[in-house]
Amino acid sequence: MLGERERAVLDFEASWWQYPGPKDRAIKEVLGMSATRYYQVLRRLVEDPDAMLHDPLTVRRLVKLRRDVAQRAAERRLGGGDGTGG
């Protein structure tokens, strides 16, 4: 079961662009936590089945984003990420 803070983080992630200014400032103002702590909580939530039940669209988007970032990093390590083949 998700706690209030975890639900608030997911709800914020689903609509952060509606807040004026930089995201890290909105995180501090709305949630009262640092951006570092916010992303730590968010990374844990991506793995939490209760988070998927609470907000499946946001969690799926985060899973896809994480997968895409990992794939690009792997391509760079292998030297094939820029389309030149090495």
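How much space lies in the largest pocket?

Author: About 220 Å³ of space lies in the largest pocket. The model is predicted, so local features are given only at pLDDT of at least 70 and side-chain atom pairs only at pLDDT 80 or more, while totals for chains, interfaces and linings use all residues. Residues are numbered from 1 along each chain as its sequence is written, and side-chain values use heavy atoms, with hydrogens and water left out.

A pocket here is found on a 1 Å grid over the protein atoms alone: it is an open set of points with protein on both sides within 12 Å along at least five of seven lines, in contrast to a cavity, where a 1.4 Å probe fits but cannot get out, and lining residues have an atom within 4 Å of a point. Points are joined across faces, edges and corners, and the volume is the space filled by probe spheres set on them.

The lining consists of Glu13, Lys23, Tyr39, Leu42, Arg43, Val46, Leu62, Leu65 and Arg66. By class, five of the lining residues are nonpolar, none is polar and four are charged (nonpolar: Ala, Val, Leu, Ile, Met, Phe, Trp, Tyr, Cys and Pro; charged: Asp, Glu, Lys and Arg; polar: the others, Gly among them). Helices α3 (35–46) and α5 (56–78) each supply at least two residues of the lining, and α3 has the largest share, with four residues. Helices are DSSP runs of H or I with at least four residues, numbered from the N terminus.

Some of the charged lining residues take part in salt bridges (a side-chain nitrogen of Lys or Arg within 4 Å of a carboxyl oxygen of Asp or Glu). The structure holds five salt bridges. In one of them, the side chains of Glu13 and Lys23 meet at 2.9 Å, N to O. Glu13 lies in helix α1 and Lys23 in helix α2, so this pair ties together parts that are ten residues apart in sequence. Glu13 is buried at 3% relative accessibility, and Lys23 is also buried, at 16% (buried is under 20% relative accessible area, exposed over 50%, partly exposed in between, with a 1.4 Å probe and protein chains only). Glu13 and Lys23 also belong, with Arg61, to a network of salt bridges.

Arg66, another lining residue, forms a salt bridge with Glu47, with the closest N and O atoms 2.5 Å apart. Since Arg66 lies in helix α5 and Glu47 in the loop between α3 and α4 (49–54), the pair ties together parts that are 19 residues apart in sequence. Arg66 is partly exposed, at 42% relative accessibility, whereas Glu47 is exposed, with a relative accessible area of 53%.

From Glu13 and Lys23 the account can be followed to Tyr38. This residue is in helix α3 and is buried, at 0% relative accessibility. Leaving aside neighbours within four places in sequence, Tyr38 is in contact with Val9, Phe12, Glu13, Lys23, Ile27, Leu31 and Met33 (contact: heavy atoms within 4.5 Å). The C-alpha atoms of Tyr38 and Glu6, 32 residues apart along the chain, are separated by 9.5 Å.

Tyr38 also belongs to the largest nonpolar core, which has 15 residues; Val9, Leu10, Tyr38, Leu45 and Ala51 have the most contacts inside it. Helices α1 (4–15), α2 (23–31), α3 and α5 each supply at least two residues of this core, and α3 gives the most, with five. A nonpolar core is a set of buried Ala, Val, Leu, Ile, Met, Phe, Trp, Tyr and Cys residues joined through side-chain atoms within 4.5 Å. In soluble globular proteins, nonpolar side chains tend to be buried together.

Glu13 has a further neighbour in Thr58, which touches Leu10, Glu13 and Ala14 when residues up to four places away in sequence are not counted. Thr58 is found in helix α5 and is buried, at 5% relative accessibility. The C-alpha atoms of Thr58 and Ala70, twelve residues apart along the chain, are separated by 18 Å.
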